[in-house]
Amino acid sequence: MKSNRNKTAWFFLTGPLVLYLGWVIGPSLYTVYLSLTKYDGLSSPEFIGLKNFYRLFQDPVFITSLVNNIKWLLSFLVIPVVLGLVLALLLNNQIKGNKLFKAAIYSPMILSPIVIGLLWGWIYEPAGGLLNSTLSVIGLNYLTRGWLSDPEVVLYAIIAAAVWRHVGYVMILFLAGLKTIPLVVIEAARVDGASGWKKFWHIILPMLRPATVIVFVVTIIQSFRAFDMVNSMTEGGPFNSSNVLANLMYIEAFKNYRMGYGGSIAVILFLLMFAFIVFYLKQIMKNEVD
Amino acid sequence: MKKSFLSLTLLILLVIGGSAFAETKDVLVVNSYMSDPVPKEALAELVKAFEEANPEIDVQVSTTAHEDFKKALRIWLSSDNPPDVITWFAGNRAKYFIDKGLILEITDVWQEENLDEKFPRAFRSISFVDDEAYFMPNNWYWWSVFYRKSIFEQYGLEEPATWEEFLQVCQTLQDNGVIPITIGTKFRWTAAAWFDYLNLRINGQEFHLRLMEGKVSYNDPRVKQVFTYWRQLLDRGYFLENAAAYSWQEGVRFLANGEAAMYLMGQFILDAVPAEVAADLDFFRFPVIDPTVPLAEDTPTDGYMIPRKAKNPELAKKFLKFLASKEGQLIFIEKTGRIGVNNQIPLDRYTPLTQKGVKMIEATDALAQFYDRDTLPSVADKGMNAFMEFWAYPDRIDLILDNLERESQLIFTE
Amino acid sequence: MGELAIFSKKQIGNAILFVLLLSFVIVWLLPVGGAILTALRSMDDLIANGFWSKPEVLTFDNFRESWSTGMVGRYLFNSFIVTIPALIGTLFLSALSGFVLAHYRFKGNIFIYLTFVGGMLIPYQILMIPVFQLSNFLNIYNTYWGLVMIHMVFQMGFCTFFLRNFMRTIPVELAEAARIDGCSEFRIFWQIYLPLSKPALAAVGTLEFTWIFNDYLWALVLIRNDSLKPVTAGLASLRGQFISSWTILVAGSLLASIPTLLVFIFLQRYFIEGLTMGSGK
């Protein structure tokens, strides 16, 4: 009986697994192989051992991109997570216009990244863009700058746009988590002022733990896969000051036709993400054993 | 749910049925990077004229934006199902694919159409590899410094011919609160134009092309010279501020609204401005720096190729012949203002400004394509980043060039 | 406090909160407002005066133009042809594998689950060339099928992860009872697990619809004919080498966002509900 059921399980899994192996796992392994070769996508790959990796760690652009990814990750773990949590707490009651507010806040999520890049490009436009003209109007002239051309701020300018898109997602995940907490607990915590803060910290936050874990996983993945925004707003420029690993990989593999080199970046990127996700996976394993 | 499933199935059937129906004609698939409105319309008109002359052929044009086209082309060429005709650039970028055996040889088209007679000699060298033709040049345009006539008149300025005169013009404009030179370097190639021209004027075309082929190093003192001249403009603030934040097209705005006076740009700038501004635009040859260096200009040439695995090479050749003919050339140039490669076109078919451009090029000693067409794509990528870094931190130039040299040597020796 | 007493402390608090949220949302939506305004202007106006200047005239021409010459209508149609089968396929396959991974205990269960999770982490841009080669080999390059397949399969990573977690919250007793009644394993999946997973399917389906619909890179790699391009790739070809009609491009982008917007609005309720139960465990 038991083995019969196992057979059924494998039978059901065959279709999905075959497809997944063909389109995702196989090509990924192939990429790992390519990372050990010199390959332009046209001639056949030529095996060169670990040369790509060796070169990678000497490439200043790779280092910049890696550091940028880490900056991105740190900003993403703080700003959208906190903002999303606050918004979720505020909107988790029967306030007027509640549904519309929610829809407005997560609406950036549904726009295609190209459109978002376009919109934020105009906000940051140095002459007459929304940000600079607003700053001049309120007398903060000295803050105006070319947000996407100044190598010191460009990365954060892009992160801000990415935050704009990500906050809605985080908010929804937290809202979903809050739904599992009885409303009375929340109300009590919100109204009581100082002791409410304590309640939030000691009661609500722990109860939100499952949602928080998902938020962190999603946020980490998003930070490392950061690509669309960078690609559509600056392509990593000026001179790579806003480059991130996924974009660097894309440019090397597709623009510069260095598939092997791009592949080696992909391998590093995957390992990095895996390292960050592993603590989450450990938890899964632990749960499974229980 | 069931209903939507049904309608979906119907839709899919309709699409499949629709494409099956279209198969009754010979289909010629043309993939083009002409995504700009004007050239796109021009190609559409060409196709219409070709289809009228050949009613048995159905030409299907697909347009992919320029940057994407460059990436996708490699995929198309390596697929078993490539387009029949593709647009492409003359020079190294074409040779790269020709050397890999991915392009169909079209020497017969050149012979049958007698193109050696119809095209100026210069186009033969960019179309042939080992005495066989692979590339069909179609049109070209010139680069020069475009400027607002009204602003120059207002401050009593003349077209500068030398570097000193050019600096003088810039100074006068700046003193009067006009931005001397507008530029949008977000996509970097506008900065590459400055590098090209300064190098062509200081070191000459021969040196320039050797640099492009990796035979001279970037940290050569002669290359450094280029940046000392460039720096003169940067240090005096002659360029638009925050240039890296603008696309080239956003940079045009400052020219259009009269805040800026000059723009080093290709002829296509005329498509980008409103008609009344275009009427106020004129151009001059990039100023001479060293009079002993022969004059050279960037004249990027665009054309067509046939992938070797194309399904309909005969139709494709027919289309190429039409594009090279006087009739085909006229349709394209009258719409776009670009210059046709076919010398049977009388000069007076061009606008006065284009005529001036043609005459300027005729009085030029040597030609280059453009930075990212003359060198390897990956080197161009590194090079343009280096230019942008120099723009932001001119003091770092020695380090920047050393890095660039190292990177480009790695790529050239790969 | 006398006169004010008609409002309770809570109501005042809510009123302040409302105003605060309202101002926040207005600032939040400024970029979208800017897009709408741009779409209503002419390109010459934009070039001459800049993006944030006062419009000279407002016109719907850009929308009309993007629909007709920009072929947005055709591209949208292609997007649906690709998105709907890919979405249904990925939901079905992921629900099936999610069901197996959640319900059966067998050797390799965790390993397979981790394979799906690992696939979620792959920087997908690097799969492009290999997947193109595969599609070319299978003769589905430059067809709707090529795109449908990669979307359907690639998204299985996230969907399986999500649905498997959700399905573990479904009590095993239900299945056991059905089994005693002689229910086949597939019917347990089809008639018990699938209906009970509706909220999760709606939630993950909404996200997936957005992601697949907004994809652009896969279309660039796997489709070369205009007649087959989905809307994001089609819109991208409106970007010129030198000249771009931003106004038309933005108008087209706004039109292209309508389907995802509608899906979100209609599924909002299920969306939050589904995520709730998915993250409940």
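1. Domain bounds here come from an automatic or database domain assignment. For chain C, that assignment gives domain 1 (3–61) and domain 2 (72–280). Their centres, taken over C-alpha atoms, are 33 Å apart.

2. This is a predicted model: local features need pLDDT of at least 70, side-chain atom pairs count only at pLDDT 80 or more, and totals for chains, interfaces and linings use all residues. Residues are numbered from 1 along each chain as its sequence is written, while chains are lettered from A and ligands numbered from 1 in the order in which they are written.

3. Look at the contact between the two domains of chain C. Domain 1 gives eight residues and domain 2 gives six; two residues are in contact if their C-beta atoms, placed from the backbone, lie within 7 Å. On the domain 1 side, H2(C) supplies the largest share, four residues. Helices (H or I, at least four residues) are DSSP runs, numbered from the N terminus.

4. Now chain C against chain A. Here 66 residues of chain C touch 75 residues of chain A. Helix H15 (residues 246–280) of chain C brings 14 residues, the largest share of the chain C side.

5. In chain B, the axes of helix H2 (residues 37–53) and helix H17 (residues 326–336) come within 9 Å and cross at roughly 155°. Axes are lines fitted to C-alpha atoms, for helices over the stretch in contact, and angles run from 0 to 180 degrees between N-to-C directions. The angle makes H2(B) roughly antiparallel to H17(B) (over 145 degrees). Among the residues that meet are B:Val38 and B:Leu46 from H2(B), with B:Ile331 and B:Phe332 from H17(B).

Conventions:
Helix = DSSP H or I, 4+ residues; strand = E, 2+ residues; numbered from the N terminus. Parallel < 35°, antiparallel > 145°, perpendicular 65-115°, else oblique.
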